[in-house]
Amino acid sequence: MAIRTDDIFEYPTAMEVKEDIITLSYPSNTQAEIKFKIKETFFTFELAGIKGNDNIDLITWGPYHTTISETIGETVGVVRNDEFALGIQSLNLKTLGGYPYNENDCMPEFDVFSQNDITNLDEEGKPHVLYRIEAAKPTKAGSSLQTYCRNRNEDRIIENLGHDKFVSPKYNDGGIIGSKTALFGVPTNDALNTIETIELTEGLPHPTLNGKWMKTVPEASSAYIIMNFNEETIDEAIEITKQAGLKHLYHPGKLYESWGHFELYNKVFPNGYKGMKACVEKAKKEGISIGSHTLSNFITTNDSYVTPIPDKRLAEVGSSEITLDTDDKQTEIQIASPDFFNQFKNNSLRTVRIGSELIRYGSVSEKKPWKLLDCQRGAFDTKPSLHKSGTKIAKLLDHPYKVFLSNTELTKVLSKNIADVYNKTGMKQISFDGLEGNKSTGLGNYGEAMMPYVWYNNLSEDLKDGFIIDASRTTHFFWHIFTRMNWGEPWYAGFRESQTEYRMKNQPYFKRNYMPAMLGWFRMTPEISLEDMEWMLARSAAFDAGYAFVTSHETIQTHGQSNAILELIKQWEQARLAGVFPESLKTEMENLKNEYHLEAISENSWKLFPITFNVLNHSKKIRQPGEPLYSTFNFENSSGMQPLVFTIKPSKATICKNIIIELDNYKKIQLPITLTNNQIFKYKGGDEGFLYDKNWNIIKTIDLNIDTIEITKGDHSLTLDCEFLSDEDSEIELQVKTMGKSILLTKNE
């Protein structure tokens with residue numbers, strides 16, 4: 001254990017052991033007394049006292065260097081190879097996973113495993129991720145394990161939340177005394193069980209499902225439906241969730257009148273908590289739990305923590321004093337120092353507090369006397385007042401969402417407020433979105449973990465079993481509380497394009513950190529195809545990862561194949577949770593180019609068909625007289641004989657007619673339709689085809705006056721031609737679908 005005083009580290013030069021106390025001696029004549037316990041599978045070490053030095057900044061447990069490099073769980077704090085695992089665990093909130101790389105106690109946020117120099121912890125120019133280097137770290141020789149604890153008995157100036165100068169207030173948590181950590185070394189297969197033992201014996205949070213640890217049950221990664229509902233529409237939302245075979249329904253929308261006190265939005269739930277509780281009870285009877293979204297410690301400007309009298313526990317960047325008496329109408333306010341007021345990288349509300357008045361300002365004067373300029377008095381319906389020279393003026397901390405944040409004490413209150421919402425309604429799923437806002441405490445990762453920890457400890461015991469807790473980020477200590485990571489807002493593209501690289505990058509992170517896997521949010525649009533749906537579901541099966549399926553009443557009603565989509569979700573999720581996909585198959589399915597179709601045979605068995613899509617784009621051409629205008633391509637049917645199945649989609653503003661498809665230069669299909677860019681044509685075999693609108697509602701069935709066209713195993717050619725009625729950029733896409741030999745998947749009873 002190292003100590004740091006005035007930024008200088010000291011390491012032990014001598015050790016004495018008496019009974020259960022280790023005494024370490026340091027060059028500065030400092031002595032540290034460490035209480036240790038030897039358990040069956042781990043050791044615990046707790047700093048019990050310090051002699052000879054009252055000015056220690058912090059202590060570090062480690063880094064403990066190892067030669068293990070195969071698998072490094074940076075968040076959970078476990079490194080392992082095929083045979084052996086070494087781990088470290090913080091045993092209380094103030095003992096942080098990691099090392100004091102930054103004085104703001106925020107660990108470096110990037111994927112160190114994607115860079116060549118694993119010793120470079122500079123975040124500049126690194127790919128952004130929602131996790132960071134903490135309790136375990138790769139090194140050139142293998143890996144290291146580390147935790148630390150800071151003495152917070154004095155205010156400190158740190159860099160925080162976009163501010164170069166931020167006051168981290170003193171905080172009485174006992175300082176470094178009481179910092180406690182555990183170390184273990186066990187066979188690799190016993191590592192996760194050892195962490196569970198540590199949770200149970202050391203009093204750490206231990207979420208369960210039916211009494212089983214949530215980190216080990218398949219349901220921890222359950223998929224869920226996200227859609228708005230209210231007291232009137234809850235029945236439809238429950239029915240959609242049931243159709244999808246899912247057990248969790250999550251409300252994402254405007255649910256609260258304000259963030260802070262979290263009273264339910266009257267227009268959505270006119271009966272308040274009783275109305276939500278009634279919805280929860282309805283869903284519970286159908287085997288469905290309900291959850292809702294929070295923005296953690298974000299406080300909206302209409303909340304009573306802000307208006308009409310602002311709470312003194314709103315987070316501050318820092319403060320100064322006003323240097324001239326100020327009446328209730330002045331628009332320039334003279335201050336002693338501009339240090340905390342002229343930082344505008346993260347200054348979305350530009351608000352200061354003097355007494356019980358909030359004031360917004362436009363800028364700060366460029367020279368003495370320092371002044372806040374263009375002030376708006378009585379902001380957010382507070383009362384403009386007279387203020388005497390020498391009165392404190394505080395710059396409030398805010399967020400680009402146009403909200404204020406909380407200091408440490410108010411964070412604890414907000415945590416209890418959120419727990420109260422769940423205790424009163426019985427909801428059993430939460431996402432701590434915006435958890436990074438709790439850096440407003442000045443405690444860094446400590447503050448981030450504090451909010452869910454206080455919330456969890458105030459949650460009714462009868463709710464804890466089976467509760468789903470997620471967030472888009474985690475910390476070493478929060479790992480014990482949360483169920484899994486998940487994240488949202490991929491609205492810029494379809495399933496195959498939105499955040500695909502990021503979704504895949506997260507999967508090895510989950511695996512090396514013993515986390516149930518998730519794929520993030522997927523938004524159902526009225527245009528999504530069954531093929532795109534199964535592409536996503538195959539990824540879910542491949543990584544054994546859940547997801548959030550975002551939809552709405554309107555989308556379900558608009559999409560012509562909603563029932564089929566919900567049935568696909570049901571079958572794939574049931575098969576995944578039943579564990580029917582063998583590891584070798586899942587490895588194959590991880591390849592994003594591989595596609596599949598799943599069909600149910602019985603309640604416990606399915607057929608999985610490998611699918612191949614061959615795509616031909618045919619565009620408008622200008623060629624010499626007599627030169628063919630058609631397009632051609634070759635494809636292979638690697639399976640047995642089957643019907644020719646294809647889909648045609650015009651792009652952009654394309655309109656075309658007289659569409660002719662010819663297989664192997666002699667089997668011809670001519671489509672007696674005019675196709676626009678808002679339509680889709682599909683042929684599934686037989687003597688008819690189907691014309692859909694862009695939302696997959698069937699417009700009509702078309703008699704093609706042909707026999708079923710079948711394709712044999714082997715190589716084939718196909719030509720596509722049409723008469724374009726639109727401009728030079730016209731193009732149509734032909735997608736030919738072939739199915740491979742089915743694979744039987746059966747649940748082991």
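Author: A helix here is a DSSP run of H or I with at least four residues, a strand is a run of E with at least two, and both are numbered from the N terminus. The model is predicted: local features need pLDDT of at least 70, side-chain atom pairs count only at pLDDT 80 or more, and totals for chains, interfaces and linings use all residues. Residues are numbered from 1 along each chain as its sequence is written, and side-chain values use heavy atoms, leaving out hydrogens and water.

Reader: How many helices and strands does the protein have by that rule?

Author: The protein has 11 helices and 49 strands. Its C-alpha atoms fill a box of roughly 95 × 70 × 60 Å along the principal axes.

Reader: Where is W696, and why is it called buried?

Author: W696 is placed in the loop between β44 (688–693) and β45. A residue is buried under 20% relative accessible area, exposed over 50% and partly exposed in between, with a 1.4 Å probe and protein chains only. W696 has a relative accessible area of 2%, so it is buried. Its phi is near 65°, a positive value in a residue other than glycine.

Reader: Which residues does I680 touch, and what makes it count as buried?

Author: I680 belongs to strand β43 (residues 679–683). Its relative accessibility is 7%, which is under the 20% limit, and therefore I680 counts as buried. A contact means heavy atoms within 4.5 Å.

Reader: Why does F341 count as buried?

Author: F341 has 0% relative accessibility, and it counts as buried because this value is under 20%. The residue lies in the loop between β23 (333–334) and β24 (351–354). Leaving aside neighbours within four places in sequence, F341 is in contact with a list of residues, among them S319, Y361, L372 and I393. Its C-alpha atom is separated by 8.4 Å from that of V317, 24 residues apart along the chain.

Reader: How do you know that D433 has no salt bridge?

Author: A salt bridge requires a side-chain nitrogen of Lys or Arg within 4 Å of a carboxyl oxygen of Asp or Glu. Lys and Arg count as positive and Asp and Glu as negative, while His and the chain ends are not counted. For D433, which is buried, the nearest side chain of opposite charge is R473, 8.7 Å away. D433 is placed in the loop between β31 (429–432) and α5 (445–457). Beyond four places in sequence, its contacts are H293, T294, L295, S296 and S472.

Reader: What makes D381 exposed?

Author: The relative accessible area of D381 is 66%, and D381 is exposed because this value is over 50%. D381 lies in the loop between β27 and β28 (392–396), and its phi is positive, near 60°.

Reader: Which residues form the negative surface patch, and why can D703 belong to one?

Author: The negative patch is formed by D687, E688, D703 and D707. Patch members need over 30% relative accessible area and no salt bridge; like charges are joined within 9 Å, and nonpolar side chains (Val, Leu, Ile, Met, Phe, Trp, Tyr) within 5 Å. The place of a charge is NZ of Lys, CZ of Arg, CG of Asp or CD of Glu. D703 has a relative accessible area of 57%, so it passes the 30% limit and is also exposed. D703 lies in strand β45 (residues 698–703).

Reader: Which residues of helix α7 are buried, and what do they pack against?

Author: In α7 (residues 500–512), the buried residues include Y502, M504, Y509 and F510. The buried residues of α7 pack against several elements, among them β34 (517–523), α8 (530–542) and β35 (545–550). After α7 comes Y514, whose phi is positive, near 55°.

Reader: Which peptide bonds are cis?

Author: The bond from G62 to P63 is cis, with omega near 5°, and P63 is found in strand β7 (residues 58–66). The bond from K368 to P369 is also cis, with omega near -10°.

Notes
Areas by Shrake-Rupley, 256 points an atom, 1.4 Å probe, with all protein chains shown as cover.
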